[in-house]
Amino acid sequence: KAHEIRTKPKAELLKQLEDLKTELAQLRVAKQTGGAASKLCKIKVVRRSIARVLTVLNMKEKSNLRKLYKGKKYKPLSLRVT
């Protein structure tokens with residue numbers, strides 16, 4: 001769940017991301033070699049998990065940048081409210 005991922009530190013999230021990517025690579029190999037149907041169904045779940053972790057990492061990064069640039073005269077375009 002995303003709310004569980006948000007509480008983890010950045011290093012742990014990066015390790016989890018690496019583990020998920022290696023698992024996805026193994027599942028793709030199993031798909032090519034004619035693996036079990038349960039493995040084929042798990043590809044979708046792993047891809048979604050990777051997306052969740054990346055989303056949380058990007059949200060944390062953006063919130064840290066917002067705190068850094070708060071009150072400054074110039075802000076990056078990605079942090080400006082349009």
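Start where helix H2 ends: Gly 34 follows this helix, and the phi of Gly 34 is positive, near 80 degrees. The model is predicted.

Now look at H2 itself. H2 has 23 residues, so at 1.5 Å a residue this helix should span 33 Å. The C-alpha atoms at its ends are 33 Å apart, which agrees.

Which residues of H2 are buried? They are Leu 13, Leu 17, Leu 20, Leu 24, Leu 27 and Ala 30.

Next comes the core. The largest nonpolar core holds 12 residues. Among them are Leu 13, Leu 17, Leu 20, Leu 24 and Leu 27, together with Ile 5, Ile 43, Val 46, Ile 50, Val 53, Val 56 and Leu 57. Helix H2 (10-32) and helix H3 (37-69) each supply at least two residues of this core. H3 gives the most, with six.

Leaving aside residues up to four places away in sequence, Val 46 touches Leu 20, Glu 23, Leu 24 and Leu 27.

Finally, turn to helix H1, where His 3 sits. Is His 3 buried or exposed? His 3 counts as exposed, because its relative accessibility is 52% and the cut-off for exposed is over 50%. His 3 and Val 56 lie 53 residues apart in sequence. In space, their C-alpha atoms are 9.2 Å apart. Val 56 is one of the core residues.

Definitions and conventions:
Residues numbered from 1 in each chain as written. Predicted model: local features only at pLDDT ≥ 70, side-chain atom pairs only at ≥ 80, totals over all residues. Heavy atoms only, no water. Core = buried A, V, L, I, M, F, W, Y, C linked by side-chain atoms within 4.5 Å. Buried < 20%, exposed > 50% of the residue type's maximum accessible area, 1.4 Å probe, protein only. Helix = DSSP H or I, 4+ residues; strand = E, 2+ residues; numbered from the N terminus. Contact = heavy atoms within 4.5 Å. Expected span 1.5 Å × (residues − 1).
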